[in-house]
Amino acid sequence: MDVGFIGLGGMGRAMARRLLAAGHTVRVWNRSPEPVAELVAEGATAAGTPAEAFEAQVVVSMLADDRVVESLLLDEELLSGARAVAHANMATVSPALARRAAELHARHGIGYVAAPVLGRTDVAAAGNLNILAAGPSAELDRLAPLFEAMGRRTWPLGEDPAAANVAKISANFLLVSAIEAFSEAAALAEANGLAPAALLEVLTDSLFPGPVYAGYGAMITRQTFEPAGFRLALGLKDVNLALEAGADTQVPLPLASLLRDSLLQAIAHGHGEQDLAAISTTSRTRAGI
């Protein structure tokens, strides 16, 4: 397929590479030029503007947040002149933005699919993402070959694009909750003379096997948070999205409020660009460790 790819952060670069490896033609755009040059050297074509990316058959975007998506892509002039027949927005954005985007794209005859992903940069590089996809069934079918190139499994979540974003926000809320819980448990263990690494070994081989505690827990026990596979500042963005979605639908999320404050404290102490596991520094500070 002829694909326009917009947004070449760590995740975007890895995903675009998977499309190139699968034989798709990929034209790439990014606000900073270095990632574009990197992908062009690997076989992509540079798009000078987002409008040039929308001259492709389909567009995939992987941008940071609602504000960036709104300013770059939810543009009447851009969409009215687009040749693309479908756009897969794979960023973690609010359900409200998904609804606005779907309506705007429909006015211009472009199919809109929300397809946020579960997985860090290493998972994206291996093509093992879990893709949460929602939108018109015909567009999901059209985009399936791209999702197969980038992911381990695609989870179809219905015709309403907002549903995929609700699923991703809910998943990340649970992820940050788990990391905060282990951070507090590790601080409790350390303050009482038990090595956090020993606690982690017990938990991951008994009650809580799996990648969340094993991966983030290892970073927490070592207190090493770089390189960042998922930046702590993005974790705050996602918790705020959960709080906003809860407020819009009258769903109290008291735990999310606690997580927001823990993340804000970590950012205030200079950890915003480090891995999400750096939220553990807040528990250690509170415990005087």
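Two strands pair if DSSP finds at least two bridges between them. Strands are DSSP runs (E, at least two residues), helices are runs too (H or I, at least four residues), and both are numbered from the N terminus. With that in hand, V59 stands opposite H87 in strand 5. The model is a predicted one, in which local features need pLDDT of at least 70 and side-chain atom pairs count only at pLDDT 80 or more, while totals for chains, interfaces and linings use all residues. Residues are numbered from 1 along each chain as its sequence is written, and side-chain values rest on heavy atoms, with hydrogens and water left out.

To strand 1 (residues 2-6) it is joined by four bridges, and the two run parallel; here V3 is set opposite V58. Four bridges also link strand 4 with strand 5 (residues 86-89), again running parallel, and there V58 has A86 opposite. Strand 4 is covered on both faces: V58 and V60 on one side, and V59 and S61 on the other, are all buried. Buried here means under 20% relative accessible area, exposed means over 50%, and partly exposed is in between (1.4 Å probe, protein chains only).

Strand 8 (residues 129-133) and strand 9 run parallel, joined by five bridges, and L132 has W155 in strand 9 as its bridge partner.

Next come the pockets. Rolling a probe the size of a water molecule over the atoms shows where empty space is left. The search uses a 1 Å grid over the protein atoms alone: a cavity is a set of points where a 1.4 Å probe fits but cannot get out, a pocket is an open set with protein on both sides within 12 Å along at least five of seven lines, and lining residues have an atom within 4 Å of a point. Grid points are joined across faces, edges and corners, and a volume is the space filled by probe spheres set on the points.

The largest pocket holds about 1100 Å³ of space. Its lining counts 38 residues, with M11, G119, R120, G229 and F230 nearest the centre. Two or more lining residues come from each of helix 1 (10-21), strand 7 (117-118), helix 7 (121-125), helix 9 (161-191), helix 11 (211-222) and helix 12 (232-248). Helix 11 gives the largest share, five residues. By class, the lining of this pocket has 18 nonpolar, 13 polar and seven charged residues. Ala, Val, Leu, Ile, Met, Phe, Trp, Tyr, Cys and Pro count as nonpolar, Asp, Glu, Lys and Arg as charged, and the others, Gly among them, as polar. At least three lining residues come from each of domain 1 (2-159) and domain 2 (165-286), with domain bounds taken from an automatic or database domain assignment.

The second largest pocket has about 260 Å³ of space. It is lined by 14 residues, and V166, A242, A245, G246 and T249 are the closest to its centre. Helix 6 (95-107), helix 9 and helix 12 each supply two or more of the lining residues. The lining of the second largest pocket splits into nine nonpolar, three polar and two charged residues, and it too takes at least three residues from each of domain 1 and domain 2.

A few backbone details stand out. Most residues other than glycine have a negative phi, and most peptide bonds are trans. Yet a cis peptide bond joins E226 and P227, with omega about 0°. Q223 is partly exposed, at 26% relative accessibility. Q250, in the loop between helix 12 and helix 13, also has a positive phi near 55°, and at 65% relative accessibility Q250 is exposed.
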